[in-house]
Amino acid sequence: MLRSEDRGIDRATVLNDSGVRIAAACSIETLMGENFWLLINDKKYYVQPPIQELTRLGDVRALVAQLYEALNVGEYQLSKERELQGRLEKLNEQIGPLERKSRELNQKALRKANYMTWLGLGLMSVQFGVLARLTWWEYSWDIMEPVTYFVTYGTGMMAYAYFAITKQDYILPDIKDRQQLIALHKSAKKNGLDINQYNKLKREIAEIENDIRRLRDPLCLHLPAPPVKAPTYSATEISTAKKIKDFITEATSGDAAGFASKLKSSELLKISNFLQKIKTPKK
């Protein structure tokens, strides 16, 4: 750049205070951050950038940024919040009928899942009764022992088959939730409820509500932080604090042992717990 300004310059080099050459790709802002040497042909110049002027320039930039924020950002936040509120109202209107129908179908699916749960318990009771009848009345344990073994082994095979088909562990609460979900999807398909559309609307509503919470955050609105609540103490703790005060007064007067002998073991335990509570504040 210097050569284009002055044709008489054959060589121009910039060195830092340590004598290391600075690359031509270095920006002017980085270069003006500290003192440097400028070599033009055979002459050497020591350059001291005006730090104070750059600081003032930075202050001006910060002031311009604050002015822009005061004039535009607050208004933009209000307009954005109104826009999000309008979209949220429209989505709530769209999801209203779907929400009522989904709640009704979900209740039916829950009742069906509970029915299947009790049906399973009933079948297990019938199995227990049949095996007991065959063991103690019809046959003997010598005959029924292999039968019960294969029944138990078959139950284990059914659990493993459930895992192989569903790729889920054989856990009873998960099985109940799965049956409820299957019943809900079947009922929704039969009654014309679009589950995918319903889930899409729910996700959009959740995203908009999250955006509104972010806009109303005190940090975004430049509001002060909420005041810290002062700790509250019960009447027992207050009386314990008074006894501690009396103990300290007696200790300063030289009769701490006499005052401590007047206290009961339960009162000493309360004092110890109170001191521990003060030492470890609540989070």
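The questions and answers below go through a predicted model of one chain, from its overall make-up to single residues.

Residues are numbered from 1 along each chain as its sequence is written, and side-chain values use heavy atoms, with hydrogens and water left out. In this predicted model, local features need pLDDT of at least 70 and side-chain atom pairs count only at pLDDT 80 or more, while totals for chains, interfaces and linings use all residues.

Q: How many helices and strands does the chain have?
A: Helices (H or I, at least four residues) and strands (E, at least two) are DSSP runs, numbered from the N terminus. Read along the sequence, they follow the pattern α-β-α-β-β-α-α-α-α-α-α-α-α. The count is 10 helices and 3 strands.

Q: What share of the residues counts as buried?
A: Buried means under 20% relative accessible area, exposed over 50%, and partly exposed in between (1.4 Å probe, protein chains only). The chain has 283 residues, and the buried share is 17%.

Q: Which residue of β3 is the bridge partner of Trp37?
A: Two strands pair if DSSP finds at least two bridges between them. Strand β2 (residues 36-40) is joined to β1 (residues 12-15) by 4 antiparallel bridges, and Trp37 is there the partner of Leu15. β2 also pairs with β3 (residues 43-47) in the antiparallel sense, over 5 bridges. In β3, the partner of Trp37 is Tyr46.

Q: Which residue in the turn between β2 and β3 has a positive phi?
A: β2 and β3 form a hairpin with 2 residues between them. The turn residue with a phi of about 55° is Asn41.

Q: How far apart are the end C-alpha atoms of residues 81-108?
A: An unreviewed UniProt entry lists this span as "coiled-coil region"; positions are given in the numbering used here, feature names are shortened, and annotations may be inferred rather than shown by experiment. In the model the span is 100% helix and 0% strand. Its end C-alpha atoms lie apart by 38 Å.

Q: Which residues does Ser102 touch, leaving out those up to four places away in sequence?
A: Ser102 sits in helix α3 (residues 51-138). At 9% relative accessibility, Ser102 counts as buried. Contact means heavy atoms within 4.5 Å. By that rule Ser102 touches Leu184, Leu193 and Tyr198.

Q: Why does the span of helix α6 agree with its number of residues?
A: The expected span of a helix is 1.5 Å times one less than its number of residues. Helix α6 (residues 195-215) has 21 residues, so it should span 30 Å.

Q: Which residue caps the N-terminal end of α6?
A: A polar contact is a pair of N or O atoms within 3.5 Å; within protein, one must be able to donate a hydrogen and the other to accept it, and residues adjacent in sequence count only if both atoms are side-chain atoms. Here a side-chain oxygen lies 3.3 Å from the backbone nitrogen of Asn196. The capping residue is Asp194.

Q: Which backbone oxygen does the side chain of Thr135 reach?
A: Thr135 is in helix α3 and is buried, with a relative accessible area of 10%. Beyond four places in sequence, Thr135 touches Ser140, Trp141 and Met144. At 2.6 Å, its side chain reaches the backbone oxygen of Leu131.

Q: Is Lys167 buried or exposed?
A: Lys167 is found in the loop between α4 (141-166) and α5 (172-191). Its phi is near 60°, a positive value in a residue other than glycine. At 60% relative accessibility, Lys167 counts as exposed.
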